[in-house]
Protein chains: 2
Amino acid sequence: MTLTARLASLIGPNNVLTGADAAAYGSEWTGKYHWQPLAVVRPGSTEEVSKILRLASETGTKVVPVSGNTGLNGGTAAEGALMLSLARMNKIRAINPAARTLTAEAGVVLENLHAAAAAEDLAFPLSFGAKGSAMVGGFLATNAGGSNVVRYGNARALCLGLEVVLADGRVMNLMNALHKDNTGYDLRDLMIGAEGTLGVITAAVLKLVPAPRAYATALLGMETLDQALTLLNRLQLETGGAVEAFEFMPDLYMARLARFRPDLACPFPPQPVNILVEIAATAPDQATPAPDGSLPLTDRLETVLGEALEAEALTEALVAQNSTQRRKLWEMRETAAEITLNETPIVDTDISVPLDVVGLYLERMQARMAALDPEAGIMIVAHLGDGNVHYTVYPSRDDKALIAATRAAIAEEAVALQGSFSAEHGVGLSKRPTMAAHKDPVALSVMRAIKQALDPQNILNPGKTIPD
Amino acid sequence: MTLTARLASLIGPNNVLTGADAAAYGSEWTGKYHWQPLAVVRPGSTEEVSKILRLASETGTKVVPVSGNTGLNGGTAAEGALMLSLARMNKIRAINPAARTLTAEAGVVLENLHAAAAAEDLAFPLSFGAKGSAMVGGFLATNAGGSNVVRYGNARALCLGLEVVLADGRVMNLMNALHKDNTGYDLRDLMIGAEGTLGVITAAVLKLVPAPRAYATALLGMETLDQALTLLNRLQLETGGAVEAFEFMPDLYMARLARFRPDLACPFPPQPVNILVEIAATAPDQATPAPDGSLPLTDRLETVLGEALEAEALTEALVAQNSTQRRKLWEMRETAAEITLNETPIVDTDISVPLDVVGLYLERMQARMAALDPEAGIMIVAHLGDGNVHYTVYPSRDDKALIAATRAAIAEEAVALQGSFSAEHGVGLSKRPTMAAHKDPVALSVMRAIKQALDPQNILNPGKTIPD
């Protein structure tokens with residue numbers, strides 16, 4: 001019996017795709033990576049995932065897990081490999097509002113988690129542009145970040161328990177809903193961010209938080225990043241750490257936005273530094289309107305902004321007056337991927353540096369790029385509250401060496417400032433050379449030893465994350 | 001040359017203790033575990049730790065790391081093994097108030113971290129009774145918890161970067177001060193909580209938080225745990241999550257406290273449920289005294305308590321009026337280890353269960369103990385905000401089987417309620433049978449595979465954490 005026939009006997013022929021049906025799985029949405037999978041399997045349960053992996057392990061078949069496929073680094077590239085789609089495992093198994101936890105399968109779309117939490121007056125705070133397609137399995141496998149990390153942490157910080165199928169098909173049950181559990185090694189956090197190279201995540205217990213009762217959101221324009229940081233620290237102190245987002249869109253971002261999405265153009269003359277800031281209140285005293293209709297939370301934001309305007313540390317400020325205005329400000333930011341990734345050749349990155357050297361990083365990169373490729377186009381957008389910069393370059397010519405040199409320069413300058421060359425998108429295929437160049441070699445050898453111990457045949461997402 | 005002579009040539013003869021000098025390292029402070037180490041080495045630098053481990057690896061010498069030695073589970077027991085004390089590595093390498101990070105060596109005492117952070121108007125929020133002796137290396141190796149986890153998380157959540165010496169002496173540099181870094185597997189969190197079985201932690205980058213500007217602290221008495229939980233949720237909502245501690249001391253705790261420390265006796269007639277609650281303000285509007293001297297933060301606490309008294313959901317409430325009163329309330333709680341662990345035979349534990357079943361757990365345990373050993377003494381104290389209960393039993397007779405059955409019952413009932421048999425003290429020696437009985441067998445085999453991959457000779461803290 002052929003492998004596909006055996007797979008069909010395990011999970012039903014309708015859930016084994018080949019040929020043209022499988023071809024739809026053969027690329028990333030950016031179009032940067034293309035491949036021809038051996039076949040695509042769509043299991044409906046953890047047990048089926050286990051059976052598939054047992055068979056793959058017996059036959060030495062390479063397996064690439066995929067859920068929403070919204071990644072940017074080739075993490076799901078699967079030339080000649082079996083793709084294991086988690087999309088049919090899309091059940092929310094349980095929600096426990098008292099304990100503030102939600103148990104979801106790997107195929108649940110992030111936006112559906114948001115809705116399920118909201119129905120209980122709670123929130124699942126992980127959020128990013130691809131929220132309408134990205135799924136639990138993928139955002140955990142890549143330890144995704146996004147816009148609210150400054151307050152709530154990344155995917156890892158929001159996961160309490162995990163169910164993982166190992167390379168040999170055994171199911172590892174770490175489905176814990178506790179905030180304190182020290183029973184041996186932290187295998188949960190090892191699996192999160194491992195990009196499917198150590199096991200296939202099939203379900204998770206996720207942490208919910210109280211839904212903010214009110215938001216105060218503003219778009220700000222100012223001269224320098226130092227002014228922005230001073231304002232961020234001031235707001236954090238004033239609000240007791242209630243800043244939910246602090247997103248940086250420089251003038252060149254605003255120019256590109258106006259070109260591609262005139263409906264979302266900056267409502268004031270773009271400044272060198274434009275910031276989308278959002279603070280949120282869970283305490284009722286901040287969220288209860290005064291007799292005149294004003295909100296204490298918004299008053300607080302406006303007071304801080306007023307002082308900054310007075311001190312000439314702020315040039316423009318537009319505070320959202322209602323939820324429609326708030327949504328529109330957010331759309332300006334969330335359109336980033338769409339307006340950035342529609343041009344080739346492209347070098348897109350997700351570096352991070354300590355907050356106080358973001359400005360220095362951008363200066364150094366300007367000098368680097370002026371020397372390397374003065375005609376290149378540059379796009380920048382950043383989660384400034386985390387020091388996480390998406391520095392994108394459109395090289396002046398489609399030249400492999402130039403593209404590699406550009407990618408290397410972006411990473412080198414981050415590492416030189418004690419930063420990271422990979423903050424939130426995962427390593428996948430595209431950052432493996434950077435891993436080889438910059439990751440501590442002892443750490444790399446420990447990763448290889450763990451990979452070898454847990455997947456000795458190297459069948460799980462082979463060739464990803466760890467450089468050869 | 002003998003091993004000790006070779007060690008002396010590496011780090012100086014004064015830093016290699018043997019015989020009577022080494023004997024002082026031969027027990028835990030509780031007196032529950034005793035051993036005779038081969039020798040004790042006291043390296044002064046990461047490089048020296050590396051040399052020691054290289055030699056240990058060459059000679060197949062077993063190595064047990066130790067820092068403050070304040071553990072309770074035999075994690076530092078070292079019969080015939082070389083003890084590696086980190087106590088001389090007690091430098092704070094750097095403090096960066098702007099980035100809110102502190103870099104400390106493994107031998108820095110927790111209380112000294114508190115002082116260093118306070119000098120910058122910041123706080124390192126991990127805290128527990130042994131803070132005057134416990135050190136960085138130990139609280140990271142055990143992923144320690146304590147009283148402020150409800151707000152700030154455990155040790156793992158407060159660590160950004162790590163320096164680790166591996167079994168073969170190689171130094172792994174994960175000394176990162178970033179909040180977002182996805183460069184391969186999460187080796188930091190793997191090392192934290194591994195109790196020195198995968199590597200020796202020599203230094204860490206720790207996260208600081210803004211020092212609260214004001215505290216409101218109270219001792220409360222009420223009838224039921226349900227009333228306590230309702231109050232906790234109410235306070236969390238009212239304050240936007242500013243509850244720093246919510247500690248449960250039942251009447252039997254208060255009775256024991258009055259007996260051993262009459263100076264710390266409960267200031268009101270002890271109730272079935274007594275709670276030490278503390279909320280803290282970083283926002284100035286909560287921490288600035290009104291013209292009449294009252295503090296908005298305290299007013300807010302008193303309003304909530306007043307409503308609960310009115311509704312007869314609260315029987316007693318004593319709000320600390322100054323820092324001396326606050327310290328005294330904390331001392332009542334922090335004396336727990338001292339007043340609990342001074343009797344033998346003893347079964348002391350650190351289980352956790354979901355918050356809403358703590359009461360049910362205690363009921364079930366009462367029934368279990370009534371059947372198992374009706375004459376046993378019971379002591380209970382809990383970090384109620386985390387569902388983390390220290391359930392201590394003084395068996396009626398010094399009988400190994402009875403002691404084992406008691407320990408097993410405490411774990412079984414926690415696991416039956418989806419809880420953990422080990423919340424914050426580590427596994428060490430004492431909880432290995434419980435690991436064998438209750439931890440997912442697939443997870444155990446993954447732990448063994450990782451241990452084998454990173455320490456193939458099994459020289460690092462052998463016989464700890466993972467059952468045979």
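Analyst: Start with the side chain of Asp186(A): one of its polar atoms lies 3.0 Å from the backbone nitrogen of Asp189(A). That is a polar contact (a pair of N or O atoms within 3.5 Å; within protein, one must be able to donate a hydrogen and the other to accept it, and residues adjacent in sequence count only if both atoms are side-chain atoms). Before going on, keep in mind that this is a predicted model, where local features need pLDDT of at least 70 and side-chain atom pairs count only at pLDDT 80 or more, while totals for chains, interfaces and linings use all residues. As for bookkeeping, residues are numbered from 1 along each chain as its sequence is written, chains are lettered from A and ligands numbered from 1 in the order in which they are written, and side-chain values use heavy atoms, with hydrogens and water left out.

Back to Asp186(A), which sits in the loop between strand 9 (171-174) and helix 7 (187-191) of chain A. Helices (H or I, at least four residues) and strands (E, at least two) are DSSP runs here, numbered from the N terminus. Asp186(A) counts as buried because its relative accessible area is 6%; the cut-offs are under 20% for buried and over 50% for exposed, with partly exposed in between (1.4 Å probe, protein chains only). The side chain of Asp186(A) also reaches across to chain B, with a polar contact of 3.2 Å to the side chain of Arg156(B). Leaving out neighbours within four places in sequence, Asp186(A) is in contact (heavy atoms within 4.5 Å) with Arg156(B), Asp189(B) and Leu190(B).

So much for the spot itself; now the interface around it. There, 70 residues of chain B are in contact with 69 residues of chain A. The two chains bury about 5700 Å² between them, with 58% of it on carbon and sulfur atoms; buried area is the accessible area (1.4 Å probe) that two parts lose on being put together, summed over both. On the chain B side, Lys180(B), Asn182(B) and Tyr185(B) lose the most area to chain A, and together they make up 18% of what that side buries.

Next, the polar side of things. The rule finds 28 residue pairs in polar contact across the interface of chain B and chain A, both residues at pLDDT 80 or more. It also finds six salt bridges there, a salt bridge being a side-chain nitrogen of Lys or Arg within 4 Å of a carboxyl oxygen of Asp or Glu. Lys180(A) and Asp386(B) pair up through their side chains in a salt bridge at 3.1 Å, N to O. Several elements of chain B give two or more residues to the side that touches chain A, namely strand 9 (171-174), helix 7 (187-191), helix 8 (225-239), helix 10 (284-287) and helix 17 (441-454). Helix 17 of chain B gives the largest share, ten residues. Sorted by class, that side of chain B has 30 nonpolar, 25 polar and 15 charged residues. For that sorting, Ala, Val, Leu, Ile, Met, Phe, Trp, Tyr, Cys and Pro count as nonpolar, Asp, Glu, Lys and Arg as charged, and the others, Gly among them, as polar.

With a relative accessibility of 6%, Leu231(B) counts as buried. Apart from neighbours within four places in sequence, Leu231(B) is in contact with Leu220(B), Met222(B), Val304(B), Leu305(B) and Ala308(B). The C-alpha atoms of Leu231(B) and Ala313(B) are 8.6 Å apart, although 82 residues separate the two along the chain.

Glu105(A) is buried, since its relative accessible area is 5%, whereas Arg93(A), at 37% relative accessibility, counts as partly exposed. Across all chains the structure holds 58 salt bridges.
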